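I opened this entry to record what I looked up, one topic at a time. The structure comes first and my notes follow.

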Amino acid sequence: MMITPRRLGTVLLPLFAAQALAAEPARNPRLDDQTQLPKAPARALGQNHFQPPAEADIPNNAYGDLVRRGQDLFMNTKALAPEYVGNEMNCVNCHIDRGRKADSAPLWAAYTMYPAYRKKNNKVNTFVERMQGCFQFSMNGKAPAPDSEVLTALTAYAYWMSSGVPIGKAMPGRGFDEPPLPRGGYDIARGKVVYDRQCALCHGVEGEGKKVGATSVFPPLWGKDSYNWGAGMHRINTAAGFIQHNMPLGRGKTLSDQEAWDVAAYVNAHERPQDPRLVNGDIDETRKRYHAEDGVNLYGVVVDGRKLGQGVK
Amino acid sequence: MPSTILRPLALGLSSSLLMLVQAAVAADGEAIIQKGGASPAAMPCMSCHGADGRGMAAGGFPRLAGLPEAYLAKQLADFRAGRRESPLMQPIAQALSEAEAAAVARSYAALPKVNVKTGAPERPREGSGAWLALRGAWERNIPECTLCHGPSGVGVGDAFPPLAGQSAEYIEAQLRAWRGTPAQPGGRKTKPVAAVPPTRRNDPNGLMQHIAADLTEAEIKAVAAYFAGLGDTTEPFDASQHRLR
């Protein structure tokens with residue numbers, strides 16, 4: 001599915017840092033898993049979302065210590081696992097409330113859905129591989145080894161949070177509950193208006209985010225310190241779902257479907273680090289192979305006379 | 001004091017230059033803090049905000065030392081415009097000229113910022129003030145306070161003021177000012193009480209108001225006590241250090 005945006009050319013995009021990323025060989029042959037999650041089932045009328053166990057219920061033993069370590073890593077990924085993080089992001093930036101919030105890809109709705117079989121390529125992906133994908137794309141970093149301390153602790157945290165969720169049962173609240181594409185499509189110029197009014201205060205006029213000392217407080221939305229072109233959030237539909245439920249911070253569900261799509265398109269029409277799967281240094285080939293059928297996205301699309309997907313370092 | 005040094009010097013200068021010097025003296029932030037502005041209604045700031053600008057808890061006078069310049073200037077403009085009501089501060093803000101307001105904001109911003117020692121992640125207890133500060137109440141759309149007010153509440157950028165370094169009295173008063181109080185219907189023996197509308201209506205895009213409105217009285221007290229208890233370390237702010245959530 002590829003929807004051509006209306007009036008793409010009307011927006012004045014900031015000048016992108018022009019240097020293109022040199023072709024980088026794929027670091028890991030399994031680097032292909034930030035694909036769209038299936039749509040979560042709707043919640044029955046009057047039914048609450050699953051309530052994960054309380055933090056106070058983490059036991060005080062070696063298992064509890066591992067779970068707490070997982071939570072610390074989830075919230076302070078850059079500070080505690082810098083060797084695996086190539087940008088200024090933390091897992092919790094997109095998985096709100098320590099990975100507990102429904103409609104923000106919560107861990108409790110994820111853990112029991114793996115290993116996941118995908119018919120399209122006849123592959124099975126494990127939970128650990130899915131997290132490795134978030135390290136490589138969302139964190140623009142390097143995946144820790146499956147048996148590393150970092151992934152072991154994160155897995156323990158997700159396992160603990162899923163106590164009581166039936167294995168293999170898709171839960172309401174999984175993923176980002178994306179709004180449907182508005183009938184008239186989306187508009188990047190209108191998205192800039194929403195952005196300047198409602199987002200720039202925190203994320204910065206240039207999407208650069210804000211830090212206190214070394215710590216990123218408002219995460220960057222584009223540029224070298226944000227998620228890369230291979231991340232799930234680079235899909236406009238996925239970002240629209242995240243934004244509509246969670247942004248502006250504390251005022252989720254105040255943007256219309258149209259505003260969420262427009263501002264998601266504006267955010268994702270900016271340069272960010274290259275897709276690590278870049279095929280032969282060629283954006284068009286990479287688009288064909290990985291982006292053409294990946295929801296709605298602007299990788300390899302010409303916006304305002306510039307082909308997106310150059311990457312920034 | 002610059003004024004006492006400058007006056008004899010200025011005697012020998014031409015009158016136009018003298019006027020320039022006087023204008024510069026009038027908009028000297030330091031002087032306004034200690035002696036007040038040109039208008040007598042613009043009382044010396046330090047009489048309420050403290051000699052060192054760190055406020056006075058008992059009077060509910062906030063710390064101004066080290067707050068972001070743009071934030072301080074905005075508050076003075078908000079008092080003047082009535083978006084923030086205060087019987088004490090509004091007449092003072094109205095008595096300051098634009099140049100004086102800008103100068104005094106600059107002077108206070110240049111004083112030492114509040115700093116809180118960094119450490120391992122805290123393990124707050126659910127229902128405590130620390131819990132609201134570090135975990136929030138997302139089921140009510142209340143993010144953890146530190147997500148906007150910075151790790152340990154030290155503030156972020158120009159728009160998000162520090163909560164560390166402020167007294168519990170002041171924090172509580174501001175949360176109530178944003179919340180107002182709903183009307184109480186009269187009972188058999190009680191008179192109806194009229195609603196008090198919020199007296200602070202100056203938060204950008206309503207980011208703060210809905211949070212204050214959704215907090216219970218007990219939560220307001222607990223979270224204010226948490227931030228007031230963080231203290232202010234004398235250690236210099238180390239910008240290379242991570243502050244953990």
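I started with chain B and its contacts (heavy atoms within 4.5 Å). Of those with a separation of 6 or more, 62% are between residues 24 or more positions apart. The model is predicted, so I kept its limits in view: local features need pLDDT of at least 70, side-chain atom pairs count only at pLDDT 80 or more, and totals for chains, interfaces and linings use all residues. Residues are numbered from 1 along each chain as its sequence is written, chains are lettered from A and ligands numbered from 1 in the order in which they are written, and side-chain values use heavy atoms, with hydrogens and water left out.

**Chain B, overall**

I looked up the secondary structure next, taking helices (H or I, at least four residues) and strands (E, at least two) as DSSP runs numbered from the N terminus. Chain B has twelve helices and zero strands. Of its 245 residues, 44% are buried (under 20% relative accessible area; exposed is over 50%, partly exposed in between; 1.4 Å probe, protein chains only). I noted an accessible surface of about 12500 Å² for chain B, with 62% of it belonging to carbon and sulfur atoms. Areas are by the Shrake-Rupley method with a 1.4 Å probe, and for residues only the protein chains shown count as cover.

**B:Ala133**

I picked one residue of helix α8 (residues 129–134) of chain B, B:Ala133. Its relative accessible area is 0%, so B:Ala133 is buried. Leaving out residues up to four places away in sequence, B:Ala133 touches B:Glu144, B:Cys145, B:Thr146, B:Val223, B:Tyr226 and B:Phe227. I also checked B:Gly229, which is 96 residues from B:Ala133 in sequence and 12 Å from it in space, C-alpha to C-alpha.

**Helix α5 of chain A**

I moved to α5 (residues 149–161) of chain A, which has 13 residues. From first C-alpha to last it reaches 18 Å, close to the 18 Å expected (1.5 Å times one less than the number of residues). Ten of the 13 residues of α5(A) are buried, among them A:Leu151, A:Tyr157 and A:Trp160. Their cover includes α1 (62–75), α3 (96–99) and α4 (127–138) of chain A.

**α6 against α9 in chain A**

At what angle do the axes of α6 (residues 188–198) and α9 (residues 257–267) of chain A cross? I read roughly 95°, with the axes coming within 7 Å. Axes are lines fitted to C-alpha atoms, for helices over the stretch in contact, and angles run from 0 to 180 degrees between N-to-C directions. The two helices are therefore roughly perpendicular (65 to 115 degrees). The residues in contact include A:Ile188 and A:Tyr195 of α6(A), and A:Val263 and A:Tyr266 of α9(A).

**Backbone exceptions**

Most residues other than glycine have a negative phi, and most peptide bonds are trans. I listed the departures I found. The bond from A:Tyr114 to A:Pro115 is cis, with omega near 0°, and A:Pro115 lies in the loop between α3 and β1 (116–118) of chain A. A:Met247 and A:Pro248 are also joined by a cis peptide bond, with omega about -10°; A:Pro248 is in the loop between α8 (236–246) and α9 of chain A.

A:Asp97 has a positive phi, near 55°. A:Asp97 sits in helix α3 of chain A and is buried at 14% relative accessible area. B:Ser152 has phi near 55°, in the loop between α9 (145–149) and α10 (168–179) of chain B.

Technical notes: Angles under 35 degrees count as roughly parallel, over 145 as roughly antiparallel, 65 to 115 as roughly perpendicular and the rest as oblique.
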